[in-house]
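Student: Please walk me through reading this structure, feature by feature. I would like the general idea, then the case at hand.

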Amino acid sequence: MSLSNNCMQLSAAEKRWLPWFGKAGKLAMGWACRLNRSAYPVIGQTFEAIAQTRVKLLQGWAQEQWEHLAELAASAGNDIRSLDGQVLQQKLAQAEDFSELFVVDAAGEVLASTWRGQGTRPRIDPRPLAEGLKAPFLHGPYSDPLTLAIGPSTSSFHDEVTLMFYQPIKVDRQVVGCLCARVPNDVLGDLIQREAGHIFAESGTTTCSWCSRVSTPACSRGGLVALALRGRHLQPRREPQERRAHSVENRAGAAPHRA
């Protein structure tokens, strides 16, 4: 079995990140790979099965969230303002992974929200909003301090890393705004750990994807997006570099994944 490493579109800097020396350096890892090359087929099949399981898990979860939002957006009827705070709170109680539901008009002004916090609310980023006005749009993971301020939904661990769902709202067949749903990224980490477990128990690593900046150009290109960074029982506190989030886009589906 041949490895697919050479098929990955990595930059020169990304290919040089591993040091030559040390227990996990190029020399040690290269020698270990050579000694265990007969195990490539079994390892490859194992990781492929794990990857497929997690892709289906994330896609199923995302589809469930889209169904919640489509149902709520359709209930707007002839007036977007009918989706007031009380209606949003009722849906939030059903869709427990959301930490906030809010409605914005086409200009990005927040018309209603389940969050009643104090202070000035930042304006909605116009780039993902523009996409969300065209079709259902999933933005993230990215860092948003407001996610930290609002608090967790179903995950015990919580930080500012965010996924945002954008569901267009139509009145008389015209898009007049978006129904937005905020999800703390650690919800996905818990989902994967609960349903799919770890690849290696001693590492605590669950899954990650390589991506390019699209919706948020300020993010570094080709950054590593951790959908579930570290097992909370093994790593209760994250280092700063592990908390960086980079932005990707994905229409009406789960976060991107490359096996």
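Tutor: Start with exposure. Buried means under 20% relative accessible area, exposed over 50%, and partly exposed in between, with a 1.4 Å probe and protein chains only. Aspartate 172 has a relative accessible area of 62%, so this residue is exposed. The model is predicted: local features need pLDDT of at least 70, side-chain atom pairs count only at pLDDT 80 or more, and totals for chains, interfaces and linings use all residues. Residues are numbered from 1 along each chain as its sequence is written, and side-chain values use heavy atoms, leaving out hydrogens and water.

Student: Where is the place of aspartate 172?

Tutor: Helices (H or I, at least four residues) and strands (E, at least two) are DSSP runs, numbered from the N terminus. Aspartate 172 sits in the loop between β4 and β5 (174-184). Its phi is near 55 degrees, positive in a residue other than glycine. Arginine 173 is in the loop between β4 and β5 too. Its phi is also positive, about 70 degrees, and it is not a glycine. At 80% relative accessibility, arginine 173 is exposed.

Student: Which peptide bond is cis?

Tutor: The one from glycine 140 to proline 141, with omega near 0 degrees. Proline 141 belongs to strand β3.

Student: How do I read strand pairing, and how many bridges join β1 to β2?

Tutor: Two strands pair if DSSP finds at least two bridges between them. Here β1 (residues 100-105) and β2 (residues 110-113) run antiparallel, joined by three bridges. Valine 104 faces valine 110 of β2. The hairpin has four residues between its strands, and glycine 108 takes a positive phi near 95 degrees there.

Student: How many aromatic pairs are there?

Tutor: Rings of Phe, Tyr and Trp (its six-membered ring) pair if their centres lie within 6.5 Å; planes under 30 degrees apart are stacked, over 60 edge-to-face, and the rest tilted. That rule gives four aromatic pairs. One of them is phenylalanine 137 with tyrosine 166, tilted, at 6.3 Å centre to centre and 55 degrees between the planes. This pair links distant parts of the chain, 29 residues apart: phenylalanine 137 in β3 (residues 137-143) and tyrosine 166 in β4 (residues 161-171). Phenylalanine 137 is buried at 0% relative accessible area, and tyrosine 166 is buried at 3%. Ring pairs also join Trp61, Trp66, Phe98 and Phe165 into a cluster.

Student: What about the core? Which element gives the most to it?

Tutor: A nonpolar core is a set of buried Ala, Val, Leu, Ile, Met, Phe, Trp, Tyr and Cys residues joined through side-chain atoms within 4.5 Å. The largest has 29 residues; those with the most contacts inside it include Trp61, Phe98 and Phe165. At least two residues each come from α3 (40-74), α4 (85-94), β1, β4, β5 and α7 (186-195). The most come from α3, with eight. Another core lies apart, with eleven residues, among them Val104 and Tyr166.
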